[in-house]
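Below is a short note for someone opening this entry for the first time. The points can be checked one by one against the structure.

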Amino acid sequence: MDEIRSFDELLESVKKKEKKILAIASAEGTEIIQAAKIATDQGILSPIFVGDKQKIENICKEEGFDLTKAEILDEKDKSKTSRLAVQLVKEKKADFLMKGKVSTSFLLKAVLDKEKGLRTGKLLSHVAVVEIEKYPKFLLVTDGGMNIRPDVSAKIEILKNAVFVAKNLGIQKPKVSCLTAVETVNPDMQETIDASVITKMAERGDLGEVVVDGPVAFDIAIDKKSAQMKGIESEVSGDTDIFLVPDIASGNIMVKALIYLAGAKVGGIVVGGGAPIVLLSRADTEKMKLYSMALGAVVC
Ligand code: COD
């Protein structure tokens, strides 16, 4: 499989594959139906709308969504829509899951339910896939969306999840930068210790087909010249695929800064469970919603 380096290429790739079925928990929102309409019109998925049937049908009519292209499961109780959508995935009636007008914690709790959820024994984590004019390929940032302050064991799981996404994007041997503020191990900065542990594990082959560098600051990770000026020799520098960030705040800030200051295009998904989960935010543009759904479809 050729490496996918942009969202246009991603959409083309998804369109060539079998159409995936997306279960949407509490789909009765205009922006949700609009996003599902774009993805359906582009031929990348078929939705199952779980929620208030009457409201969903009304919005579909307003938005010109062809109701023959979707299934609707009537459930007005918001505490039940997440469980129903999760159940559809568990029973293989849907391939992946999306949050509609239900809170993130409701949906995640249904996903994490020990009996009825989508647990696989692995950690669930968020991967943001970023396309930016100044960089010749995708840049994956993790985890700026789910795990708040991961310890080193959690970071290893987060990295494995991101490698899984990278492989689905055709990146055979992803290059990973464990981001910190400095290139030296400083015992007062726990993230530098975690980064050096992960780098050592990768060197020993414990993390599979990846090349890891860290601790490393963002300038060194993104720009080979900066590395050379600092006298740092690194195969990863200037060619990073995955940016492993120290915590949710740093990852979230990094991605949003790229969107607002550098016009980045971004899609994001949660992986590690039985199926990918699309968690859209209200502030996402229609395109970003489409990119996230396409990402979900490509990693199913
Ligand atoms: N993967 C797998 N299992 C998990 C995970 C995970 N990432 N997180 C928790 N669990 C399991 C635990 O092992 C436990 O068995 C059960 O779930 C409950 O664990 P808690 O009590 O630690 O989890 P919650 O329900 O309090 O919190 C989980 C959240 C994902 C809701 C929490 O971590 C959170 O709020 N994350 C930030 C989400 C967010 O605000 N994102 C910003 C969006 S932009």
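1. Salt bridges overall. This is a predicted model. Searching the whole structure gives 18 salt bridges.

2. Lys101 and Glu31 form a salt bridge, with their closest N and O atoms 3.7 Å apart. The two residues are 70 residues apart and belong to distant parts of the chain. Lys101 sits in the loop between strand E4 (96-99) and helix H5 (104-112), while Glu31 is part of helix H2 (residues 30-41).

3. Domains. The protein chain is assigned two domains: domain 1 covers 7-121 + 273-299, and domain 2 covers 125-262. Taken over C-alpha atoms, the centres of domain 1 and domain 2 are 29 Å apart. Eight residues from domain 1 and 10 residues from domain 2 take part in the contact.

4. Area of the interface. How much area do domain 1 and domain 2 bury between them? The value is about 850 Å², and carbon and sulfur atoms account for 76% of it. On the side of domain 1, Phe7, Leu295 and Val299 lose the most area to domain 2; together they make up 54% of what that side buries.

5. Polar links across the interface. The rule finds zero salt bridges between domain 1 and domain 2. One residue pair is in polar contact between the two domains, counting pairs with both residues at pLDDT 80 or more.

6. The domain 1 side. Which helices each supply at least two residues of the side of domain 1 that touches domain 2? They are helix H1 (7-16) and helix H11 (286-299). H11 provides the largest share, four residues. By residue class, this side of domain 1 has eight nonpolar residues, no polar ones and no charged ones.

7. Surroundings of the ligand. The ligand is surrounded by 13 residues, and the closest are Arg119, Leu124, Gly145, Met146 and Asn147.

8. Polar atoms at the ligand. Asn147 instead places a polar side-chain atom 3.1 Å from a nitrogen atom of the ligand.

Technical notes. Residues are numbered from 1 along each chain as its sequence is written. Side-chain values use heavy atoms; hydrogens and water are left out. Domain bounds come from an automatic or database domain assignment. Contact means heavy atoms within 4.5 Å. Buried area is the accessible area (1.4 Å probe) that two parts lose on being put together, summed over both. A salt bridge is a side-chain nitrogen of Lys or Arg within 4 Å of a carboxyl oxygen of Asp or Glu. A polar contact is a pair of N or O atoms within 3.5 Å; within protein, one must be able to donate a hydrogen and the other to accept it, and residues adjacent in sequence count only if both atoms are side-chain atoms. Ala, Val, Leu, Ile, Met, Phe, Trp, Tyr, Cys and Pro count as nonpolar, Asp, Glu, Lys and Arg as charged, and the others, Gly among them, as polar. A residue is near a molecule or strand if one of its heavy atoms lies within 4 Å of it.
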